[in-house]
Amino acid sequence: MLNTADIVKFYGDPGLKRTEAQGEDPAWRKANLRSYKDMPGLDPTKWFNCHRLVERHMREGFALSMTAAPGYIQKAGCFAFRHMRHKVTMPLSRHAWGIAVDINSGDNAARYFKRGDAPKAWSEEWLKIWPRGVTPSLVEAWRSCGFLWGGDWDANGATEDEVYIDPMHFEYTLLRP
């Protein structure tokens, strides 16, 4: 996972010293944020906003999703100037840079677990919590494009060691356009 200093160096500063109420820095927005109505598999009547340097990776993730999980993605959101987990005491979310996407938020709501109590991905216990959640093939499609999955923050292939699982979340982790 990238640290904030690396992200700022590569993607710019959207407003680290600004409050959520103030919103992102207008100059950063103009230079970096782009809006698209032609992301593969998404509703063409709705705008999808992301950082200009991750657009092609987002497109690739959505295109692969159409094969990996046909018809699964009903809703996707990317840019939102906010803090991690909506807590002002935490750093800015990767969504504040437009380098993270949430897929089908209603079916993939984040949850906290006591250390060691998180379920194994797609186990019977997992499916009780997220019966219409992301599929293994969808997760692998996004990973193949350079995205980290919020179900496995340390990317060790296990969800059981996580305290916070956010299955809707995918964030771009490479520093390359």
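Which strands does helix α5 lie across? Select residues 136-143 to find out. This is a predicted model. Helix α5 lies across β4, β6 and β8. Against β6, the helix runs at about 145°.

**The whole chain**

Zoom out. The protein has five helices and eight strands. Read from the N terminus, the elements go α-α-β-β-α-β-β-β-α-α-β-β-β. Along the principal axes, the C-alpha atoms fill a box of roughly 50 × 35 × 25 Å. The radius of gyration is 16 Å, which agrees with the value near 16 Å for a compact globule, because the protein has 177 residues.

**The sheet**

Now select the four strands of the open sheet. Their order is β3-β4-β8-β6, and the pairing is antiparallel. Go to the edges: β3 is 76-77 and β6 is 147-149. Each edge strand has a single partner strand, so one side of each lacks a neighbour in the sheet.

Opposite V101 stands F170 in β8.

**The largest pocket**

The largest pocket has a volume of about 300 Å³. Its lining counts 18 residues. Select L42, K46, W47, F48 and A76, which lie nearest the centre of the largest pocket. Next, colour β2 (48-51) and β3. Each of these strands supplies at least two residues of the lining. Colour the lining by class: nine residues are nonpolar, four polar and five charged.

**The second largest pocket**

Which residues lie nearest the centre of the second largest pocket? Select M84, R85, W153, D166 and H169. These five belong to a lining of 16 residues. The space in the second largest pocket is about 230 Å³. By class, its lining has six nonpolar, four polar and six charged residues.

**Last stop**

Return to helix α5 and show it together with β4, β6 and β8, the strands it lies across.

Notes: Residues numbered from 1 in each chain as written. Predicted model: local features only at pLDDT ≥ 70, side-chain atom pairs only at ≥ 80, totals over all residues. Heavy atoms only, no water. Pairing = 2+ DSSP bridges. Contact = heavy atoms within 4.5 Å. Axes fitted to C-alpha atoms, helices over the stretch in contact; angles between N-to-C directions. 1 Å grid on protein atoms, 1.4 Å probe; cavity = no way out; pocket = protein on both sides within 12 Å on 5 of 7 lines; lining within 4 Å. Points joined across faces, edges and corners; volume = space filled by probe spheres on them. Nonpolar A, V, L, I, M, F, W, Y, C, P; charged D, E, K, R; others polar. Rg over C-alpha atoms; globule rule 2.2 N^0.38 Å.
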